[in-house]
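Subject: Structure handover

Hello,

Here is the structure you asked for. Please open it beside this email and follow along.

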Amino acid sequence: MANHEGCSRLYCCFVCRNFVAKHDDIVSKAFQAHNGRAYLFSHAMNIKCGPKEDRHLLTGRHTVADVFCEDCGEQIGWKYLKAFETSQKYKEDKVVLEKIKIVRDND
């Protein structure tokens, strides 16, 4: 596992505790997922993306890919690949992780 000393607080997969995101990379905590609240991150690590697909979400049509923990394969969120509405372009290449699927590394 990589050395994360000196980094901000880290978030881990709730199943296997694999590091998946840094607290400093949170763009917004105001997202809604199927299972409740979610965080938008500018970057995530140790994840793999599923196939891309167009979805109609609360904020319009987007091309997204589900994201999975690289270690255990648990689905933990999705990545925005394309936003069709100009006001939503800021989400492109960012990752949403469901709050229920991640834990702080010191929990």
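**Cysteines**

Cys12 is buried, with a relative accessible area of 2%. Buried means under 20% relative accessible area, exposed means over 50%, and partly exposed lies in between (1.4 Å probe, protein chains only).

Before going on, two notes on the source. This is a predicted model, where local features need pLDDT of at least 70 and side-chain atom pairs count only at pLDDT 80 or more, while totals for chains, interfaces and linings use all residues. Residues are numbered from 1 along each chain as its sequence is written, and side-chain values use heavy atoms, with hydrogens and water left out.

Back to the cysteines. A disulfide is a covalent bond between the sulfur atoms of two cysteines. Here the term is used for a pair of cysteine sulfur atoms within 2.5 Å. How many disulfides does the structure hold? It holds zero. Cys12 is in no disulfide, and the nearest cysteine sulfur, in Cys13, is 8.5 Å away. Cys49 is partly exposed, at 43% relative accessible area.

**Salt bridges**

The structure holds five salt bridges. Each is a side-chain nitrogen of Lys or Arg within 4 Å of a carboxyl oxygen of Asp or Glu.

Start with Arg55. Its side chain meets that of Asp66 in a salt bridge, 2.7 Å from N to O. This pair links distant parts of the chain, eleven residues apart: Arg55 is in strand β5 (residues 47–57) and Asp66 is in strand β6 (residues 60–69). Strands (E, at least two residues) and helices (H or I, at least four) are DSSP runs, numbered from the N terminus.

Arg55 also forms a salt bridge with Glu53, and the closest N and O atoms there are 2.7 Å apart. Together, Glu53, Arg55 and Asp66 are linked in a network of salt bridges. Are these residues buried or partly exposed? Glu53 is partly exposed at 37%. Arg55 is partly exposed at 21%. Asp66 is buried at 17%.

Another salt bridge joins Glu74 and Lys101, at 3.2 Å from N to O. Glu74 lies in the loop between β6 and β7 (75–83), and Lys101 lies in the loop between β8 and β9, so the pair ties together parts that are 27 residues apart in sequence. Glu74 is partly exposed at 25%, whereas Lys101 is buried at 14%.

**Strand β9**

Val103 is found in strand β9. Val103 is buried, with a relative accessible area of 18%. The C-alpha atoms of Val103 and Arg17 are separated by 7.8 Å, and these residues are 86 apart along the chain.

**Last stop: Lys99**

Lys99 sits in the loop between β8 (95–98) and β9 (102–104). Lys99 is partly exposed, at 41% relative accessible area.

Best wishes
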